[in-house]
Amino acid sequence: MFGINGAEFVVLLVVAVVVIGPERLPRYAEQLGSFVRSARGYLRDAKARVDAEIGDEIGDVDWSKLDPRQYDPRRIVREALLDDDEPPRERVAPPPPPAPSSVPQGGAAPFDDEAT
């Protein structure tokens, strides 16, 4: 509940008893309980209204298809661009580029006098 463990909850209760005092603590605890009960009632009514508005249509939705973790942009583009009649083609690697020769056959490397 709110990321509070048992020891922290006990410390909060002790602080509440010290700050509020033992005379007013039962009255505040009763007000807190009535607030929680009314909040639960509001949430229950809101859920019932939403269920009545949406109806049975929400049960027909396949939520697993809408999971964003399943989307692969490459697959989506591939499916959008390829026709169903044509099987996907094998990817052929381009030939490697020729090895650059840093020194031409004439001897010295070219020199650009305008380069900085």
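**Exercise 1. Aromatic rings**

Task: Find how many aromatic pairs the count comes to, and which residue lies over the face of Tyr-28.

Solution: Start with the rings. This is a predicted model. Rings of Phe, Tyr and Trp pair if their centres lie within 6.5 Å. By this rule the count is 0 aromatic pairs. Now turn to Tyr-28. Arg-27 lies over the face of this ring, at 5.6 Å from the ring centre. The cut-off for a charge over a ring is 6 Å from the ring centre to CZ of Arg.

**Exercise 2. The chain as a whole**

Task: State how many helices and strands the protein chain has, and what share of its residues is buried.

Solution: Count the elements. There are 3 helices and 0 strands in the protein chain. Read from the N terminus, the order is α-α-α. Next, take burial. The protein chain has 116 residues, and buried residues make up 2% of them. Last, take the surface. The accessible surface of the protein chain is about 11,600 Å². Carbon and sulfur atoms hold 61% of that surface.

**Exercise 3. Helix α1 and its ends**

Task: Work out what span helix α1 should have, and say which residue caps its N-terminal end.

Solution: Helix α1 covers residues 6-20, which is 15 residues. The expected span is 1.5 Å times one less than the number of residues. For α1 this gives 21 Å. Now look at the N-terminal end. Asn-5 caps α1 there. A side-chain oxygen of Asn-5 lies 3.4 Å from the backbone nitrogen of Ala-7. Then look at what follows the helix. Gly-21 comes after α1, with a positive phi near 100°.

**Exercise 4. Helix α2**

**Exercise 5. Salt bridges**

Task: State how many salt bridges the structure holds. Then find the partners of Asp-51, Glu-79 and Arg-69.

Solution: The structure holds 4 salt bridges.

- Asp-51 pairs with Lys-47, with the closest N and O atoms 3.1 Å apart. Both residues sit in helix α2, 4 residues apart, so about one helical turn separates them. Asp-51 is partly exposed, at 40% relative accessible area. Lys-47 is exposed, at 54%.
- Glu-79 pairs with Arg-75, with the closest N and O atoms 3.2 Å apart. They lie in helix α3, residues 73-81. They are 4 residues apart there, so the separation is again about one helical turn. Glu-79 counts as exposed, at 51% relative accessibility. Arg-75 counts as partly exposed, at 30%.
- Arg-69 pairs with Asp-67, with the closest N and O atoms 3.2 Å apart. Arg-69 is exposed, with a relative accessible area of 74%. Asp-67 is partly exposed, with a relative accessible area of 24%.

Terms used. Residues are numbered from 1 along each chain as its sequence is written. This is a predicted model: local features need pLDDT of at least 70, side-chain atom pairs count only at pLDDT 80 or more; totals for chains, interfaces and linings use all residues. Side-chain values use heavy atoms; hydrogens and water are left out. Helices (H or I, at least four residues) and strands (E, at least two) are DSSP runs, numbered from the N terminus. A polar contact is a pair of N or O atoms within 3.5 Å; within protein, one must be able to donate a hydrogen and the other to accept it, and residues adjacent in sequence count only if both atoms are side-chain atoms. Rings of Phe, Tyr and Trp (its six-membered ring) pair if their centres lie within 6.5 Å; planes under 30 degrees apart count as stacked, over 60 as edge-to-face and the rest as tilted. A charge sits over a ring if NZ of Lys or CZ of Arg is within 6 Å of the ring centre and within 35 degrees of the ring normal. Buried means under 20% relative accessible area, exposed over 50%, partly exposed in between (1.4 Å probe, protein chains only). Accessible areas come from the Shrake-Rupley method with a 1.4 Å probe; for residues, only the protein chains shown count as cover. A salt bridge is a side-chain nitrogen of Lys or Arg within 4 Å of a carboxyl oxygen of Asp or Glu.
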